[in-house]
Every structure is written in C-alpha cells, then in structure tokens.
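Please read the following account alongside the sequence and the model.

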Amino acid sequence: MSRIYGILLLLSLLVQAVTAGTNFIILDSGDDKEKIVLKKKHYEESLQQDTTVQSLADGSKFQADIKKVDQSYILRVGPFESNNFLALVYLKAKKSFPNAFILEEKKLVLKAEPIIHTIEKKVYVDREVAVMHGDDPLWLAMFALAFVGIFFMFLSSEQMKRMKSEHEKIKLKHDNLELKQNEALASMGENIQIIAKETINHTHQLAEKVKETPLYDDVAKVMDNENELLDVTGDLVKFLRLKSKKVVIQHEVFNFNHVLNEVAGLLNTKYKQNDIELVFDIDKDVPKHMLSDSVHLGQILINLLEYFIQNSQNKEVKIEVTTAEDKIQGLNLRFQINADVNIEDKETLFNSYYDEETRRYVGLGLFVAKELTYLMGGELHIKDRSYESTMLIFTLDIEVQNDEKRKYRLPNKGLVGKKMLIADRSYSSAQATQKLFAYFRADIDILSAKTFVDQIPDFTQYEIVALSNTLFNAKVFEALAKVKNEQDLKIISLENLFTSEEIPLNKHIDIRLKKPLTQEYVFDTLVELYTVKEDSENKNEVNDDTALRVYSEAFKDTLNITLEGFHSLGDAHILIVEDDIVNQNIFLEILGKSNIKVSVVNNGQEAIDFLHEIQEHIDIVFMDINMPVMDGYTAAKIMRKESRFDQTAIVFLSALASEHEIEKMLESGMNGYLSKPVQLEQLYTALKTFLNQVDPLISPMYVPEPTPIVFKGLNIEEGIENLKGNIIFHKQVLQEFIDAYAQSGAIFENLVKEQRYGQIKVLCLDMKGLTGTIGAKEMHTIINEIHQHLIYKKPELLHSYVKRYQTKLDELTRSIDRYLGV
C-alpha cells in the first residue's frame with residue numbers, strides 16, 4: 001500500500017508541476033547581441049503604437065526581454081496567462097517576425113501545505129522501499145514519469161490544437177475588419193490631401209488680393225494653419241498607406257542625384273525663406289546609379305531633414321553620405337545628419353500620437369520615416385555628439401548595377417585639375433563644395449567669409465572663383481573684372497536655395513549655383529563653364545505655325561479654378577509618367593472631373609514602351625524627372641527623336657525648378673514645366689494651353705457659392721466652417737465618410753456581441769474626429785458616450801447603444817446622400 005501511495009503522491013506532484021507552465025512567444029535569436037537589442041527596441045515601439053493590443057492588455061504584465069542561452073541571445077515576449085490574448089499578440093508579432101513561435105515553459109511550483117506533507121511521506125516511503133525491495137521503486141518512479149510525460153504530451157497536443165483553432169478564428173475576424181477599415185482610410189486620406197491643396201491655393205489667391213489691406217494679417221494666420229493642415233494630410237496619407245499595407249518596396253535602378261534634387265526642392269517649397277543652410281556632403285565613392293526604392297528613400301530623407309530643419313539651433317543642417325562594403329549585403333549606404341538639436345527623450349522620438357488639446361498629430365513624419373526604414377531593411381540611430389548637438393544615422397543596404405571606375409567623365413582633359421578658390425559664409429558648405437570639385441582633381445583653396453572680407457585675395461592665381469553671393473560687392477566686382485579682362489577667369493555665385501537674398505545680375509558672373517550641390521550638378525557646371533554656346537536669344541521662337549510653343553517660365557495661375565472647373569476640358573488623351581503612386585492618384589482624382597482620357601505609367605521606359613504600342617495620338621505627357629529605370633530627361637530625348645511625337649507636348653514635373661534644371665529640361669525637349677507639389681491653378685493653365693492652344697494667361701473664372709442647407713442630423717454650415725469655409729472640401733469629406741463608415745453600424749453590433757472592446761475603441765476614435773468635423777453633432781454625441789463607457793470600464797452598457805447607433809447612422813447617411821445630390 002505504501003508503495004502505491006508513494007507513486008500516487010509522485011503523480012500528484014507532477015500534475016501540479018506541469019500545470020504551472022507559462023507561455024512565451026519567441027520572436028528571434030542570434031549571436032549578435034546588438035541586432036537582437038535593436039529588434040527588441042523596434043518591437044517595443046511598434047507595441048506602443050498598437051492600440052488594439054494596448055486596449056486588450058487589461059493589466060497583463062507581459063514584456064519583451066532577452067535571454068542568453070550558451071552563446072546565443074533569444075528575444076522573447078511574455079509571460080501570458082490568457083490564451084486568447086496570447087493568440088492576438090502572437091498574430092501581431094508574426095507580421096514583423098515571420099519565424100516567431102509559441103514556447104510553453106514548465107516550472108515545478110507546489111503549494112505550501114502539500115510540500116510539508118509530501119516530503120514526510122516521501123521520506124517514509126523511500127526508507128521502507130530501501131530496506132525491503134532494493135531498486136524496485138526507482139523503476140516504478142521512472143515508469144510513472146514516462147506515463148505522465150506521454151499523458152501530458154497528449155494534453156498539450158490537444159491544447160495546442162484548440163489554441164490554433166482559436167488563433168485562426170481571431171486572425172480571420174481581425175484581418176477582415178482591419179482590411180475594411182484600412183482600405184477606406186487610405187483612399188480617404190489621399191482625397192483629403194487633394195482638397196486640402198485646393199483650399200490652400202484659394203487662400204493664397206485671397207492673400208494677394210488683400211495684401212495692402214488690414215485683412216492681410218488675418219489671412220496670413222489662416223495660411224499658416226492651412227499649410228500645417230497640408231503637412232499633416234501629406235504625412236497622414238503615407239501613414240494610412242503603411243497601416244493598410246499598401247506600401248510596396250521596389251528594387252529598381254535610379255539616379256541618386258535626382259533623389260537629392262527632389263528632396264531639396266520639396267523642402268524648399270516649405271522653407272524657402274527660412275535662411276537654413278542645408279549641406280549635402282557626398283563622398284566620392286557614393287555611386288551615381290543604385291538599386292533600391294527611390295520614392296521611399298526620398299520620403300525618409302525629407303521627413304528626417306524636415307525635423308532637423310525645424311529644430312536646428314544654428315540654422316545649419318548637414319547630411320553626410322558615405323558608403324561601406326558589406327560582404328553579405330553588398331554596399332551599405334550611410335546617411336549621417338548633423339545639427340544642433342537638443343532631443344530630451346530619444347526613446348520616444350519616433351513615436352506618433354494625437355494631442356487631444358491641440359487636436360493635432362505629433363511626430364507623424366518621423367514615425368513614417370522609421371517605418372519606411374524598417375520596411376526597406378535599414379536602421380535608424382540617434383546619438384549625442386556634444387552639448388545640444390545631435391547626430392542621426394540612417395543606413396541602408398543597396399546594390400550597384402555598374403561598377404564604373406569613374407562615374408562622371410568630363411568631355412575633355414582640359415576641364416580636369418583646375419585651380420580654384422571657394423569662399424562661403426558656411427565653412428561646412430565650403431568643405432562639401434570642395435569635395436565635389438575635388439572629384440575632378442581640382443586644386444582648391446578655401447577661405448572663410450571673415451578671412452575673405454578682411455583681405456580680398458589675389459584672384460590672378462585662380463581659374464575658377466566660387467563665392468557666396470553675400471560676399472559680392474562693388475570692391476570685389478572691381479577686382480574680379482580686372483583679372484577677368486586679362487585671363488580666362490570663371491566666376492561662380494554660390495546661392496542658398498533656402499533664402500530669398502539675391503544679388504543683382506552682373507555681367508561678370510558666369511553661372512549661379514543653388515546649394516545644396518550634388519556631384520552631377522558640379523559635373524554639369526564644369527561642362528557648361530567651358531562650352532561655347534550658340535546664340536540662344538531666339539531658341540524659343542517657332543518658325544512653323546503648327547509647332548507647339550515652348551514655355552521656359554512657370555505657367556500663370558487660373559484664378560478661382562476648382563475641381564468642377566475641369567469639366568470644361570474637352571476630349572483628349574494625356575499620359576502621366578510618375579513613379580509615386582500617391583501623386584498618380586492625385587492626378588487621377590483631379591482629371592477624373594474632366595472628359596480627358598488618362599493613362600499612367602511608372603517610369604520613362606514604360607512611357608516609351610506605351611507610346612510605341614499605342615496607336616492613338618497622345619496630346620500631353622506629364623513627365624516626372626526623378627524616376628527609376630529611366631528618368632524623365634532620357635525619355636523626353638527619345639521622344640523628340642521621333643517626328644510622330646512632334647505634336648505631343650511634354651510638361652515636366654520638377655521639385656527643384658532651378659535655372660540649371662530648367663535648362664536641362666529645355667535641352668531634353670520640354671514644352672513647359674510644373675513645380676511639385678502640383679497646383680490646381682497651374683495644372684489647369686497647362687491643360688488649357690496645350691489642348692486649346694491659348695495663351696497661358698487665362699482670365700479668371702467665377703464659381704458661385706451654393707446656399708448652405710441644414711439637413712436632419714447634419715449641420716452643413718458648421719461642417720463648412722470647420723473645413724475653412726471650403727464647400728468642395730466639405731462635400732468630398734462627406735462622400736468619403738459615407739464610403740468608409742456607412743456599414744459601421746453592423747460592424748459595431750458584431751464587435752459588441754464578441755466583446756471586442758479594443759476594436760470598438762479604435763472605431764470610436766476614428767468616428768469622433770470625423771463626425772465632429774462634418775457637423776454631425778448627434779452622431780458625435782453617441783460616439784462620445786460609447787467611448788466614455790469604455791474608458792470607465794463599463795462595457796456592459798454598450799448593448800443599449802447598438803440600436804441607437806444604427807438609427808442615427810441611417811439618419812445621417814440619408815441626409816448626406818440628399819445633400820450631395822442637390
């Protein structure tokens with residue numbers, strides 16, 4: 001009896017031990033501790049942004065940690081007590097860690113009272129067995145252990161089957177809901193950005209009209225608010241595309257110089273008179289062409305640089321670009337951004353949140369940059385350099401298509417090895433300029449602005465003199481003119497793209513360079529300085545009356561134009577050559593209001609293939625410059641070699657639109673250009689110009705304002721007021737609201753039945769902002785009440801809102817449909 005009692009006691013102990021197991025999710029493992037630490041940090045950041053997990057956590061004390069086993073480091077998350085919550089976190093983790101798996105750790109945990117009793121019996125049994133039967137108990141214990149092990153393996157297997165089944169159910173429901181929400185939000189964000197641009201354009205026109213009146217200060221404040229609105233909607237579109245998993249990373253050849261030009265140009269549209277000094281310090285080994293995703297690389301750089309431009313203490317931001325060989329990954333491209341920026345909390349720098357007090361998103365741009373970086377397989381680091389100085393490092397693995405010894409070859413040896421002087425107000429900028437010219441073996445002296453002003457140097461020893469435009473004065477011009485009359489001295493004016501300060505035109509200046517410079521820009525400059533040009537005064541005059549005109553200046557605005565105004569455009573076929581899908585959608589949305597047939601391709605090579613395959617005539621080609629595979633310059637030159645395209649206008653899309661870039665566009669065969677981001681007024685002018693052959697200065701149009709109407713559950717006047725008085729913007733938002741949330745009543749009912757309170761909270765957060773914006777007060781009140789019940793942990797009250805939610809939603813939907821039909 002005592003033997004049986006001992007075995008049963010041992011079985012009891014084993015049962016208690018096994019059932020005390022805890023679950024962990026193993027995310028990753030490896031020998032490199034730094035990489036595992038970085039992955040842990042990335043996971044924790046993504047977890048903080050996941051409102052679904054946070055809302056369902058309900059006090060769960062799970063966390064990510066790193067456990068060392070032998071020489072390896074294991075990244076794990078846990079412990080988890082709830083199988084359902086474990087399933088949710090596991091499915092979320094699989095998106096970033098596809099090799100993640102669930103591990104159940106078993107611990108011997110025994111209750112206090114049985115321990116004393118068990119030990120006493122165990123000692124007694126051991127003694128008895130030892131005296132009477134030798135080794136028999138050992139065999140029995142081993143048999144019992146084996147039996148229990150098999151038994152619990154079976155239980156564990158059944159448990160895992162049930163858990164897997166629950167996982168699949170949760171995943172299916174979660175994916176279906178997330179897909180519906182994300183698709184609606186992504187398309188809604190893009191349309192909002194289009195209308196936001198239109199609103200801002202109207203405000204700028206109004207500002208010009210009241211410039212000399214007391215109203216100008218008030219209009220200026222509105223312009224500041226609307227510019228911020230455009231920034232937020234732009235980042236919001238990208239954020240929503242990331243959320244809806246619409247972002248696809250490309251791997252195509254592109255010209256790195258064109259990416260940098262577009263970055264500088266788009267930043268210039270927002271900080272033109274900010275007097276910031278942006279420096280591109282590019283190493284000579286950085287390739288001209290590389291394989292990666294040019295659109296998203298540019299977006300990352302814009303978002304990172306914008307943060308440093310906004311927060312720089314000394315008005316200078318320098319980005320150093322270098323490369324490093326990687327035996328496994330190929331070439332590692334390294335961007336180091338240096339600026340005097342004091343960052344108090346580096347851990348949360350890339351986190352984005354909605355500020356309830358200001359009703360604005362904070363940190364959305366940096367969040368987008370971080371997510372795009374990880375999608376592209378890159379890394380981001382923030383480091384302190386000195387007091388109030390910060391260094392951000394962004395690295396990305398790339399491939400190089402052609403291993404050329406010299407990426408930029410000058411047309412003749414006479415252009416190599418020039419003796420040169422550089423004097424700039426920014427010494428960092430002067431050093432970066434020196435590096436670019438040194439690529440062509442120039443012998444360069446650098447002077448600081450102070451040294452130059454204190455003592456004007458002897459210019460006779462130089463072949464090229466490059467001076468900051470702020471250093472030119474009558475005395476300097478006199479000294480330069482004297483030398484220029486005696487020898488072939490080339491004079492370059494170095495001008496900052498981000499300042500409005502310019503010197504008057506002077507006959508002694510050979511060329512003006514807009515900083516920041518790139519390697520290709522310097523190459524083109526050397527060629528232009530020493531190339532004899534033909535008389536170009538009449539190069540835009542057309543002898544053939546049937547030929548299309550060429551416009552080297554920006555198109556004038558068509559005043560008071562709206563989206564509806566594009567209805568007046570007749571039948572035509574245009575081609576959009578643009579690699580950014582967001583920009584493609586903007587064109588399609590705007591031109592969808594007209595009777596124009598629109599075709600879209602992603603790069604210059606696709607454009608040439610399309611033009612050769614199609615039989616019908618293309619009236620206008622809107623050609624982006626910065627594209628992978630084949631850029632806009634190359635595609636335009638190919639078109640201009642074929643006479644069948646003589647009557648096809650080429651309108652370039654340029655972010656930089658500098659004198660240098662305009663000259664290159666003219667040489668490529670352009671008929672005109674539009675600055676990016678594209679403005680409705682200029683786009684309309686370009687279309688009217690080439691479709692109807694009219695002068696680009698078009699008389700204003702009058703667009704009457706409809707009388708505001710009040711419908712049940714919808715305050716039209718309030719909604720229009722919330723959207724800066726723009727009726728068209730308001731209508732667009734109403735339509736997007738219907739598309740995205742007309743079926744949300746059924747979704748809300750299902751979520752309440754399934755007690756998925758985290759998803760209900762997400763729905764409330766989305767609906768609160770939208771209903772308040774469009775003037776749906778009654779619906780807004782119901783949403784607020786539901787949200788408050790969730791905050792105060794009263795989910796049992798939500799059942800009473802299911803019918804009320806659906807009733808008010810139906811009423812609101814009918815009112816919106818009626819209003820849009822007026």
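Helices (DSSP runs of H or I, at least four residues) and strands (E, at least two) are numbered from the N terminus. The model is a predicted one, in which local features need pLDDT of at least 70 and side-chain atom pairs count only at pLDDT 80 or more, while totals for chains, interfaces and linings use all residues. Residues are numbered from 1 along each chain as its sequence is written, and side-chain values use heavy atoms, with hydrogens and water left out.

The protein chain contains 25 helices and 23 strands. Of its 822 residues, 48% are buried, where buried means under 20% relative accessible area, exposed means over 50%, and partly exposed lies in between (1.4 Å probe, protein chains only). A contact requires heavy atoms within 4.5 Å. Among contacts in the protein chain with a separation of 6 or more, 73% join residues 24 or more positions apart.

Two helix pairs deserve attention. Axes are lines fitted to C-alpha atoms, for helices over the stretch in contact, and angles run from 0 to 180 degrees between N-to-C directions. Angles under 35 degrees count as roughly parallel, over 145 as roughly antiparallel, 65 to 115 as roughly perpendicular, and the rest as oblique. A crossing is left-handed if the near helix is turned anticlockwise from the far one by less than a right angle, and right-handed if clockwise.

Helix H8 (residues 256–271) packs against helix H9 (residues 294–311) at an angle of about 40°, and their axes are 9 Å apart. H8 and H9 are therefore oblique to each other, and H8 passes H9 in a right-handed crossing. On the H8 side the contact includes Phe 256, Val 259, Leu 260 and Val 263, and on the H9 side it includes Leu 297, Gly 298, Leu 301 and Ile 302. By class, the contact of H8 with H9 has 12 nonpolar, three polar and two charged residues; here Ala, Val, Leu, Ile, Met, Phe, Trp, Tyr, Cys and Pro count as nonpolar, Asp, Glu, Lys and Arg as charged, and the others, Gly among them, as polar.

A nonpolar core is a set of buried Ala, Val, Leu, Ile, Met, Phe, Trp, Tyr and Cys residues joined through side-chain atoms within 4.5 Å. The largest nonpolar core has 76 residues, and those with the most contacts inside it are Phe 256, Leu 297, Leu 304 and Phe 394. H9 gives the most to this core, with nine residues. Not counting residues up to four places away in sequence, Leu 297 touches Phe 254, Phe 256, Val 259, Phe 335, Met 376, Phe 394 and Leu 396. Apart from this core lies another, of 33 residues, among them Leu 763, Cys 764, Leu 798 and Leu 809.

The second pair comprises helix H24 (residues 777–791) and helix H25 (residues 802–821), which pack at an angle of about 155° with their axes 9 Å apart. H24 and H25 are therefore roughly antiparallel to each other, and their crossing is left-handed. Among the residues making the contact are Met 779, Ile 782 and Ile 786 of H24, together with Tyr 805, Leu 809 and Leu 812 of H25. The residues of this contact between H24 and H25 divide into seven nonpolar, no polar and five charged. In the loop between H24 and H25 sits Lys 793, whose phi is near 60°, a positive value in a residue other than glycine. Lys 793 is exposed, because its relative accessible area is 61%.

Lys 664 belongs to helix H18 (residues 659–668) and counts as buried, because its relative accessibility is 19%. Lys 664 touches Glu 520, Asp 524 and Tyr 633, not counting residues up to four places away in sequence.

Backbone geometry supplies the remaining points. A cis peptide bond joins Gly 78 and Pro 79, with omega about -5°, and Pro 79 is placed in strand S3 (residues 72–80). The peptide bond from Lys 676 to Pro 677 is also cis, with omega near -5°; Pro 677 lies in the loop between strand S23 (672–675) and H19.
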